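Biologist: I have a new model open and would like to learn how to read it feature by feature. Could you walk me through it?

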Amino acid sequence: MASSRVKRPEMIIVTMLAALAASFGKRYCYPSQETITKILSSKYGVSMSRRTLNRHLGALEDMGYIKRVRRHKTGTTAVPSTSLGKTP
């Protein structure tokens, strides 16, 4: 069973997603996993693999802090994206 406690890396991710959304004057954003890891590294000094990022995003989604939506491009595999906001 997943813990309902938010861990430090997850708080950093939520903070980064909120800042990214706010920079566009929105309450949501749809960055790629690559973009998230690049921003975390350059702005927050946090490095993590995509697998670790997905584990944290999954925990945040399970707790209702974010909702992930799979992006579909014609002729390619789906790429997950992330939107910010407490889900109902």
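**Rings and helices**

Modeller: Gladly. A search of the whole structure finds one aromatic pair. The rings of Y28 and Y30 have their centres 5.7 Å apart and their planes at 50°, so the pair is tilted. Rings of Phe, Tyr and Trp (its six-membered ring) pair if their centres lie within 6.5 Å, with planes under 30 degrees apart counted as stacked, over 60 as edge-to-face and the rest as tilted. This is a predicted model, where local features need pLDDT of at least 70 and side-chain atom pairs count only at pLDDT 80 or more, while totals for chains, interfaces and linings use all residues. Residues are numbered from 1 along each chain as its sequence is written, and side-chain values use heavy atoms, with hydrogens and water left out.

Biologist: Are Y28 and Y30 buried, exposed or partly exposed?

Modeller: Y28 is partly exposed at 40% relative accessible area, and Y30 is partly exposed at 44%. Buried means under 20% relative accessible area, exposed over 50%, and partly exposed in between (1.4 Å probe, protein chains only).

Biologist: How do I read a helix, and what is the span of α1?

Modeller: An α-helix has 3.6 residues a turn, so residues three or four places apart point the same way. Here, α1 covers residues 8-23, and its 16 residues reach 22 Å from first C-alpha to last, close to the 22 Å expected at 1.5 Å a residue. That expected span is 1.5 Å times one less than the number of residues. Helices are DSSP runs (H or I, at least four residues), numbered from the N terminus. The buried residues of α1 include I12, I13, M16, L17 and L20. M11 is also in α1, but counts as partly exposed at 44% relative accessibility.

Biologist: How does α1 pack against α2?

Modeller: Two packed helices are described by the angle between their axes and the distance between the axes. For α1 and α2 (residues 33-44), the angle is about 100° and the axes are 11 Å apart. The two helices are therefore roughly perpendicular (65 to 115 degrees; under 35 is roughly parallel, over 145 roughly antiparallel, and the rest oblique). Axes are lines fitted to C-alpha atoms over the stretch in contact, with angles from 0 to 180 degrees between N-to-C directions.

Biologist: Which residues does L20 touch, beyond its neighbours within four places in sequence?

Modeller: L20 is in contact (heavy atoms within 4.5 Å) with C29, P31 and I39, leaving aside those neighbours. L20 is buried, at 18% relative accessible area.
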